[in-house]
Amino acid sequence: MPKKTKEPVWKSDIEMWFLRIQPTDPNTKKRVSLSLYGKTKEEVVEKSIIELRKVKTGGYSDQLDSIVDAYNNFIRLQIKPSVATATYRQWVLLGNKLFSYVKKDILLKWDYQRVQAIFNDLGKQYSKDTIAHYYHRLSRFTQYLVDTGVLTNNFMGSIKRTSTQAEKEKSILQEKQFEQLIDYIQKYEVTMDNLTSSVPIIALGISIFTGMRSAEVFGTTWSDLKVDKEGQGYFRISRYWSPAQKPVAGIIEYSPGKFSNHLKNRNAGEYRETLHTIPNWFVDKLYRFQKQQQTFLKSYHLSNQNHLILLTLYNHNSTQTSQPVSAGQVGNRMKKLFKNEFGWKFKNMSFYRMRASYESYWISKIHDPMILFNAMGHSGEMAYKKYIQITNERQRKSEKIQLPY
């Protein structure tokens with residue numbers, strides 16, 4: 001930190017602040033004498049920070065770029081080519097949040113004090129989970145600045161993360177509820193009269209038998225369904241459905257989504273198979289649903305261009321362009337079903353939580369949980385650390401087992 005400036009000196013009849021600094025050149029090991037002037041004390045201090053950083057890093061030319069420009073370049077070059085569209089959108093949203101703090105500040109202001117102040121403010125607004133997401137992504141951005149020579153070290157490890165927001169309780173189905181839902185789906189009859197309302201039921205069925213991510217469920221096609229000689233089925237997952245971009249500035253323009261071949265924790269083009277075989281009765285229900293779906297499309301002169309299983313039948317515009325049903329549509333129907341049919345009331349339940357319900361149901365029934373985690377597309381180490389904790393908590397809450405000695 002530069003020393004305090006001396007008393008102002010006069011030059012050309014304009015009051016100027018003056019500061020002389022003598023940093024050590026890391027290459028020559030000699031002191032460099034620099035005289036800095038400015039109209040305000042703050043201007044001189046900022047100039048001194050810039051000059052000190054220049055000497056320390058060898059005068060890297062991009063240090064005067066704005067933080068906004070640096071972040072945009074980072075996600076364009078490092079993030080966009082390697083992640084799914086939905087994930088990239090989250091990086092963009094984080095950038096928008098970041099820009100509200102840094103505005104057009106120069107890159108040299110990206111330091112420990114600035115970032116700690118940002119996290120102190122974020123902690124008043126968001127939960128610990130959200131703060132963790134921000135932290136890991138900004139750590140990656142800061143490491144990029146280190147790799148490109150802008151910073152000398154990644155200080156994110158010293159950032160303190162706190163949150164005053166109460167954590168939302170995330171709901172999952174308990175074992176008996178999970179089995180009740182399976183029983184309900186088994187008794188549910190798909191007909192032409194209830195075809196539209198059957199779409200969310202089929203989506204729930206696929207989810208509770210496979211544990212797929214929401215985007216994977218909605219991206220399943222009829223060719224992804226495989227059936228063995230005994231009539232039991234499984235899904236081969238090689239892609240997922242990336243939804244259309246949201247309308248911008250109130251302009252609603254219809255834009256169909258698309259398939260993405262980049263599965264999480266898998267290289268493009270690779271696939272994984274669902275772990276448990278789908279029972280015969282649900283395979284039969286799927287094919288009855290397919291038959292009714294084809295009849296519906298033919299009667300309205302429509303086509304299923306992407307061969308989607310969960311083709312939306314809510315409006316003909318979406319159906320014509322082969323759009324799948326949305327997570328919101330399925331989630332709303334699911335909540336009504338749980339409340340009206342079973343009397344279940346959850347504080348925080350979404351369609352994606354069916355994946356967690358699947359994991360919770362099967363984790364205690366499988367000898368090697370890693371097989372389950374791999375089939376669900378988890379990275380092994382992350383899943384082990386996350387779900388072994390759940391298993392231990394469940395064990396502590398359960399009744400003590402009496403040993404036979």
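**Close-up 1. Strands β4 and β5 pair in the antiparallel sense over 3 bridges, with β5 covering residues 233-237.** Two strands count as paired if DSSP finds at least two bridges between them. Helices (H or I, at least four residues) and strands (E, at least two) are DSSP runs, numbered from the N terminus. Within this pairing, V227 stands opposite G233 of β5. Both strands belong to an open sheet of 3 strands in the order β4-β5-β8, with antiparallel pairing. The edges of the sheet are β4 (225-227) and β8 (272-273); each has a single partner strand, so one side of each is left without a neighbour in the sheet. Strands of a sheet pair through backbone hydrogen bonds, either parallel or antiparallel.

The model is predicted: local features need pLDDT of at least 70, side-chain atom pairs count only at pLDDT 80 or more, and totals for chains, interfaces and linings use all residues. Residues are numbered from 1 along each chain as its sequence is written, and side-chain values use heavy atoms, with hydrogens and water left out.

**Close-up 2. The whole chain has 14 helices and 8 strands.** Of its 405 residues, 40% count as buried. Buried means under 20% relative accessible area, exposed over 50%, and partly exposed in between (1.4 Å probe, protein chains only). Among contacts with a separation of 6 or more, 62% join residues 24 or more positions apart; a contact means heavy atoms within 4.5 Å.

**Close-up 3. Helix α6 (residues 175-187) has buried residues Q177, F178, L181, I182, Y184 and I185.** Seen down the axis of α6, these buried residues fall within an arc of 160°, so they line one face of the helix. The arc is that of the directions from the helix axis to the C-beta atoms. The buried residues of α6 pack against α7 (195-210), α9 (280-299), α11 (327-342) and α12 (353-363). On the face turned away from the buried side are the exposed residues K176 and K187. The 13 residues of α6 should span 18 Å at 1.5 Å a residue, and the end C-alpha atoms are 19 Å apart, which agrees. The expected span is 1.5 Å times one less than the number of residues.

**Close-up 4. F178 and Y361 form a stacked aromatic pair, 4.4 Å centre to centre and with 20° between the planes.** Rings of Phe, Tyr and Trp (its six-membered ring) pair if their centres lie within 6.5 Å; planes under 30 degrees apart count as stacked, over 60 as edge-to-face and the rest as tilted. F178 lies in helix α6 and Y361 in helix α12, so the pair ties together parts that are 183 residues apart in sequence. Both F178 and Y361 are buried. K365 lies over the face of Y361, at 4.2 Å from the ring centre. A charge sits over a ring if NZ of Lys or CZ of Arg is within 6 Å of the ring centre and within 35 degrees of the ring normal.

**Close-up 5. The rings of F209 and W281 have centres 5.7 Å apart and planes at 70°, so the pair is edge-to-face.** F209 lies in helix α7 and W281 in helix α9, so the pair ties together parts that are 72 residues apart in sequence. F209 counts as buried at 10% relative accessibility, whereas W281 counts as partly exposed at 21%.
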